[in-house]
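Dear colleague,

I am passing on the structure we spoke about, with the sequence alongside. Please have both open while you read the notes that follow.

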Amino acid sequence: MEKTHNSQIPTESSHKNEKEPEIITDKNQMRKWSRAMRSQGKTIGLVPTMGYLHEGHISLIKEAHKHTNLIVVSIYVNPGQFSPTEDLSTYPSDFDGDIQKLMAVPGGVDVVFHPYNLYDYGNSGVGGDGEVEKKGAVSCVEERGLGHETWVRVERLEKGMCGKSRPVFFRGVATVVTKLFNIVEPDVALFGKKDYQQWRIIQRMVRDLDFSIEVIGSDIVRENDGLAMSSRNVHLSTEERKKALSINRSLSRAKFAAEKGQVNSGELRNMIIQEINEAGGRIDYAEIVDQETLEAVEEIKSPVVFCIAAWFGKVRLMDNMEINI
């Protein structure tokens with residue numbers, strides 16, 4: 001249902017008008033809330049996040065307001081999508097700051113779903129100090145047979161691009177999103193197109209598993225200098241950030257060239273790779289793929305997307321640009 005909202009972020013003087021979301025940590029309580037709202041004829045939009053919110057996340061919430069009555073934002077750093085070599089403890093977080101940002105969104109959000117551990121089944125998934133043990137959350141089967149062992153795979157779409165260098169990533173994403181869909185039971189879910197492959201995988205999963213959920217992809221939100229917004233940007237040094245602008249710059253040039261008739265994917269890829277390498281970046285992948293199937297194309301004859309992942313220092317950045325010619 002369409003809603004109209006003031007597009008201006010509330011000022012400090014209007015703080016009293018800001019909407020404080022209900023914070024729910026228990027999945028049964030979350031499901032109970034959703035079902036109570038739906039019984040009243042309300043529609044629910046879900047914006048899944050891992051926290052450390054930025055304007056890209058806020059844009060998803062604003063978009064969600066156009067489609068549903070109520071908004072749920074989940075904040076959960078999903079251990080299932082991190083490989084054993086990745087340290088999820090270094091993922092940035094600022095829960096109090098996130099709540100303040102959500103309160104400043106026009107129309108606000110109704111619930112923040114902030115579960116402690118969606119992979120804890122009352123066994124030893126939590127250590128004596130209260131911290132989630134990585135083993136309890138990530139392993140398919142724990143020694144006592146009580147751990148999480150069911151995973152969702154979107155077999156073909158997950159293979160390329162990010163799936164090559166992070167083989168368990170999309171298994172973890174698809175599984176946790178399935179969990180969130182089953183717990184929140186939304187009508188609509190919003191995902192950013194910056195993670196283009198992830199968005200397409202979730203769309204395909206929803207189609208294949210008959211979820212009654214509309215998955216909407218929202219356009220990339222960029223910093224003033226053109227860098228795609230990401231929670232990882234905070235880890236870039238001043239010099240690395242400057243060099244990282246080569247990603248958007250090279251994508252824009254390649255798109256311009258394609259629209260002017262350069263349709264050979266190999267030449268366009270080389271143009272992008274050379275510019276990023278010369279700026280000091282290290283390419284993870286640079287692919288020109290069909291927007292629907294995500295299969296690489298040799299020549300652009302239908303809608304494609306240029307997808308990039310590159311390292312600047314210790315930070316892996318992603319970006320993409322759709323081309324419709």
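Predicted model: local features only at pLDDT ≥ 70, side-chain atom pairs only at ≥ 80, totals over all residues.

Asn248 is found in helix H8, which covers residues 238-259. Its side chain makes a polar contact with the side chain of Arg222, at 3.4 Å. If neighbours within four places in sequence are left aside, the residues in contact with Asn248 are Arg222, Gly226, Asp319 and Met321.

Turning to the chain as a whole, the secondary structure comes to nine helices and nine strands. Of the 325 residues in the chain, 52% are buried. Among contacts with a separation of 6 or more, 70% are accounted for by residues 24 or more positions apart.

Six strands form an open sheet with parallel pairing, in the order S1-S4-S3-S2-S5-S6. At its edges are strand S1 (22-24) and strand S6 (214-218), each of which pairs on one side only. From one strand to the next, the twist averages 25 degrees.

Helix H1 (residues 27-39) touches S1, S2, strand S3 (70-75) and strand S4 (111-113), and its direction makes about 130 degrees with that of S1. Helix H2 (residues 55-65) touches S2, S3, S5 and S6, with a direction that makes about 150 degrees with that of S5.

H1 also packs against helix H6 (residues 169-184), at an angle of about 55 degrees and with the two axes 7 Å apart. That angle makes H1 oblique to H6. Which residues meet there? From H1 they are Lys27, Met30, Arg31 and Ser34, and these meet Asn182, Ile183 and Val184 in H6.

Key. Residues numbered from 1 in each chain as written. Heavy atoms only, no water. Pairing = 2+ DSSP bridges. Helix = DSSP H or I, 4+ residues; strand = E, 2+ residues; numbered from the N terminus. Axes fitted to C-alpha atoms, helices over the stretch in contact; angles between N-to-C directions. Contact = heavy atoms within 4.5 Å. Polar contact = N/O pair within 3.5 Å; in protein donor to acceptor, adjacent residues only side chain to side chain. Parallel < 35°, antiparallel > 145°, perpendicular 65-115°, else oblique. Buried < 20%, exposed > 50% of the residue type's maximum accessible area, 1.4 Å probe, protein only.
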